[in-house]
Amino acid sequence: MNIEQKLNFYLNRHPLIKRIVKKIYQRIMYHISPKIKCEGNIIRVSPNDNYEYFFGYYDKSPWDATMRYMICMRAKNTWCDPEPNDVADILLIDTKNNYKIKKIASTLTWNVQQGCNAQWLGPDFKSQIIYNDLRNGRFCSVIINIESNEEKIFPMPVYAVSNDGKTALSLDFSRLHNLRLGYGYSALPEKTKGIPLPNSAAIWKLDLTNGKIKELLSYTDFASFQPRPEMLKKNSIHKVNHLMISPNGKRFMVLYRWFNGKRKYTRLITCNIDGSDMYILSDDDMVSHCFWKNDEEIIAFIRKNGIGEGYFLLKDKSKEYIHLWSNIKDDGHPSYCPTDNTLVITDSYPNRARIADIKLLNDNDLEGRYMKVIARVFAPFKYDNETRCDLHPRWSRDGKFICFDGAFEGFRGLYIIPININKI
């Protein structure tokens with residue numbers, strides 16, 4: 001752990017001081033560092049106008065199965081509020097027609113990190129899109145047919161959706177808003193506000209074939225499962241986040257977090273899709289971004305006691321793991337190539353000079369000797385803290401492109417990078 005990482009670890013307990021120190025430090029380093037706007041074979045696919053454009057999170061692809069259309073969000077302002085109550089548009093970008101855009105819907109539930117969770121619905125991933133909205137005073141999810149505009153509305157927003165398009169998982173987006181800005185929705189009040197450990201549902205299962213909703217797990221289920229002393233303290237605050245369903249739809253992962261004052265603890269837990277057979281996959285206090293490599297393995301940026309922080313390939317329901325790329329110590333958003341299940345794309349947060357990068361790696365190359373930095377972009381100070389523009393790199397379904405959100409041109413936009421995986 002270098003000096004910057006040690007300082008960051010200490011300052012995590014003092015968020016306000018950390019924010020001030022970080023801002024001063026980065027401004028000094030920016031002024032004395034070489035200036036870079038962008039490097040790499042980067043193509044902007046969103047318009048250059050008075051709007052902001054982005055897709056959302058790293059765990060889903062904006063491309064449809066035909067590779068012609070990409071989902072994109074459009075908003076007026078993405079730098080003042082991480083979870084605005086303004087309307088945002090959901091667009092299709094036609095990659096075969098000069099990136100022409102078409103509005104297909106709008107939403108009142110979105111944030112700058114994950115948008116409204118808009119995604120192509122399986123199993124065909126080309127005819128329907130599912131996204132979250134606010135209608136009749138309630139959060140909901142909507143499936144829209146992109147040809148007929150026919151809608152099917154469900155009385156609960158979605159977080160993760162199975163590949164077969166039959167099952168979705170949800171959580172409390174209002175609680176998430178209060179405990180983690182930039183990931184929840186601010187339109188409705190939190191019913192569990194002020195309750196550190198609610199005795200209520202934390203995760204729901206939504207059947208997309210018939211609309212039935214089932215409570216899967218409560219906050220107390222998590223707190224009572226192989227409890228640690230820190231989570232049982234009277235004022236310990238509990239939440240869940242980052243649900244991801246395995247490719248075959250049989251299990252899902254969830255980050256279970258609890259706070260003691262400013263100290264944050266995280267467990268990576270996996271479960272059957274019905275909430276049974278819970279397993280603690282990582283329990284060394286820090287878990288960040290994860291992704292299912294296949295039905296049994298998960299790549300995760302975590303802390304391993306005795307080793308430190310880094311990327312690890314974990315085998316579900318076991319203590320087996322592989323430490324990947326020990327030369328990489330900075331957190332990022334990893335995902336596996338859909339056509340070559342050894343290739344991983346990930347990114348970094350802005351460094352001391354406000355430069356973030358996108359890296360291509362192979363999990364057979366454990367030392368990361370053949371890592372390729374395929375893009376480097378500047379992160380304007382205007383986009384920072386909760387309204388930062390994380391790159392969130394995502395694969396195209398054919399493995400030939402990487403898509404990312406960027407703000408290096410002075411506004412938030414959607415970009416792609418052509419990739420030739422045969423030459424990697």
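**Entry 1**

I began with isoleucine 90, whose bridge partner in E6 is alanine 105. I keep in mind throughout that this is a predicted model.

**Entry 2: strand E16 and its partners**

Next I looked up the pairing of E16, which meets strand E15 (residues 237–245) in the antiparallel sense over seven bridges. Within that pairing, lysine 239 has arginine 257 of E16 as its bridge partner. The two strands form a hairpin with five residues between them, and glycine 249 in the turn has a positive phi of about 80°. E16 also pairs with strand E17 (residues 263–272), again in the antiparallel sense, over 10 bridges, and here arginine 251 stands opposite asparagine 272 in E17. This second hairpin has two residues between its strands, with glycine 261 in the turn at a positive phi of about 65°.

I asked myself how many residues of E16 are buried. The count is 10 of the 10, so the strand is largely enclosed by the rest of the structure. Both of its faces are covered, with Arg251, Met253, Leu255, Arg257 and Phe259 buried on one side and Phe252, Val254, Tyr256, Trp258 and Asn260 buried on the other. I set beside this the general point that side chains in a regular strand alternate between the two faces of the sheet.

**Entry 3: the nonpolar cores**

The largest nonpolar core has 59 residues, and those with the most contacts inside it are Ile203, Phe222, Leu243, Phe252, Leu268 and Ile299. Strand E16 (residues 251–260) gives the most to this core, with six residues. I picked out leucine 268 and, leaving aside its neighbours within four places in sequence, found it in contact with residues including Met253, Leu255, Tyr279, Leu281 and Leu314. A second, separate core of 33 residues includes Tyr53, Met73, Trp110 and Ile144.

I also checked serine 318, found in the loop between strand E21 (308–315) and strand E22 (321–324). Serine 318 has a relative accessible area of 14%, so it counts as buried. Apart from neighbours within four places in sequence, serine 318 is in contact with Tyr279 and Leu281.

**Entry 4: aromatic rings**

I found 15 aromatic pairs. In one of them, the ring centres of phenylalanine 139 and tyrosine 185 are 5.6 Å apart and the planes stand at 65°, which makes the pair edge-to-face because the angle is over 60 degrees. Phenylalanine 139 lies in strand E9 (residues 138–145) and tyrosine 185 in the loop between helix H3 (173–179) and strand E13 (201–207), so the pair ties together parts 46 residues apart in sequence. Phenylalanine 139 is buried at 11% relative accessible area, and tyrosine 185 is buried at 2%. Both belong to a cluster in which ring pairs link Phe139, Tyr159, Phe173 and Tyr185.

Lastly I looked at charges over rings, where arginine 74 lies over the face of tyrosine 51 at 5.1 Å from the ring centre, and arginine 412 lies over the face of phenylalanine 54 at 5.9 Å.

Conventions. Residues are numbered from 1 along each chain as its sequence is written. This is a predicted model: local features need pLDDT of at least 70, side-chain atom pairs count only at pLDDT 80 or more; totals for chains, interfaces and linings use all residues. Side-chain values use heavy atoms; hydrogens and water are left out. Rings of Phe, Tyr and Trp (its six-membered ring) pair if their centres lie within 6.5 Å; planes under 30 degrees apart count as stacked, over 60 as edge-to-face and the rest as tilted. Helices (H or I, at least four residues) and strands (E, at least two) are DSSP runs, numbered from the N terminus. Buried means under 20% relative accessible area, exposed over 50%, partly exposed in between (1.4 Å probe, protein chains only). A charge sits over a ring if NZ of Lys or CZ of Arg is within 6 Å of the ring centre and within 35 degrees of the ring normal. Two strands pair if DSSP finds at least two bridges between them. A nonpolar core is a set of buried Ala, Val, Leu, Ile, Met, Phe, Trp, Tyr and Cys residues joined through side-chain atoms within 4.5 Å. Contact means heavy atoms within 4.5 Å.
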